[in-house]
Amino acid sequence: MELRISKQAQAVIQEKRPSDARMLLDFEDAIGPFADDSVSCQLYPAFRLLFVPQTYPEEALSDYNKIIETEIGPIYMKEQSTMLLDQSVELVLEPNYQRLQLRSKAGVLVANLPIKQILS
């Protein structure tokens, strides 16, 4: 899988990213330590970008076993989440509302990708 990040999206992410944070492209599927709910039956893709401290316990992050190299560093994902994305996706900044979007050749996959900082 390939994940490209536009220059505008890189600027937004780098502005919000703590210097020591690991990046996770998380899919809310009720798996992992950052699940907002224990039940997740959704009809739309609920991806979000999480910033997790480097000091966060490795064993707690074991579900994030897929590493994708990007222009701004590695992004960790759950292997099972990759089946919900196309082979090539791009993170872009939507110009009108300044929202991060996840897109592919098929179209917009996530119209407003939230960014959340996880504290240790």
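**Strand pairs, sheet and surroundings**

Author: Let me start with one pairing in this predicted model: Lys66 has Met77 in β5 as its bridge partner.

Reader: How many bridges join β4 to β5, and in which sense do the two strands run?

Author: Strand β4, residues 66–70, and strand β5, residues 73–77, are joined by 5 bridges and run antiparallel. The link from β4 to β5 is a hairpin that passes through 2 residues.

Reader: OK, now the open sheet. What is the order of its strands?

Author: The open sheet is formed by 4 strands in the order β1-β6-β7-β8, and the pairing within it is mixed. Its edges are taken by β1 (2–5) and β8 (107–110), and because each has a single partner strand, one side of each is left without a neighbour in the sheet. From one strand to the next, the twist averages 35 degrees.

Reader: In which sense do β1 and β6 pair, parallel or antiparallel?

Author: β1 pairs with strand β6, residues 88–94, in the parallel sense, over 4 bridges. Within this pair, Glu2 has Ser88 in β6 as its bridge partner, and Ile5 stands opposite Leu91 in β6.

Reader: And which residues of β1 are on its covered face, and which on the uncovered one?

Author: Leu3 and Ile5 make up the covered face of β1, whereas Glu2 and Arg4 are on the uncovered one.

Reader: Which strands does helix α1 lie across?

Author: Helix α1, residues 7–16, lies across β1, β6 and β7 (99–104), and runs at about 70 degrees to β6. Ala11 is placed in this helix, α1, and with a relative accessibility of 46% Ala11 counts as partly exposed. Ala11 is 82 residues away from Leu93 in sequence, while their C-alpha atoms are 9.5 Å apart in space.

Reader: Switching to Ser104: is that residue buried or exposed?

Author: Ser104, which is placed in strand β7, counts as buried because its relative accessibility is 12%, and the cut-off for buried is under 20%. The Ser104 side chain reaches the backbone nitrogen of Ala106 at 3.1 Å.

Reader: What else does Ser104 touch, not counting residues up to four places away in sequence?

Author: With those residues set aside, Ser104 touches Asp86, Ser88, Val89 and Leu109. One of these, Ser88, has already come up as the bridge partner of Glu2.

Reader: Which residues is Arg22 in contact with, leaving aside neighbours within four places in sequence?

Author: Besides Glu58, Arg22 is in contact with Leu50, Phe51, Val52, Gln54, Leu61 and Tyr76.

Reader: Which residues line the largest cavity?

Author: The largest cavity is lined by Leu3, Leu25, Leu49, Ile75, Leu91, Leu102 and Leu113. Among them, Leu3 belongs to the covered face of β1, and Leu91 is the residue that Ile5 stands opposite in β6.

Notes:
Residues numbered from 1 in each chain as written. Predicted model: local features only at pLDDT ≥ 70, side-chain atom pairs only at ≥ 80, totals over all residues. Heavy atoms only, no water. Pairing = 2+ DSSP bridges. Axes fitted to C-alpha atoms, helices over the stretch in contact; angles between N-to-C directions. Contact = heavy atoms within 4.5 Å. Buried < 20%, exposed > 50% of the residue type's maximum accessible area, 1.4 Å probe, protein only. Polar contact = N/O pair within 3.5 Å; in protein donor to acceptor, adjacent residues only side chain to side chain. 1 Å grid on protein atoms, 1.4 Å probe; cavity = no way out; pocket = protein on both sides within 12 Å on 5 of 7 lines; lining within 4 Å.
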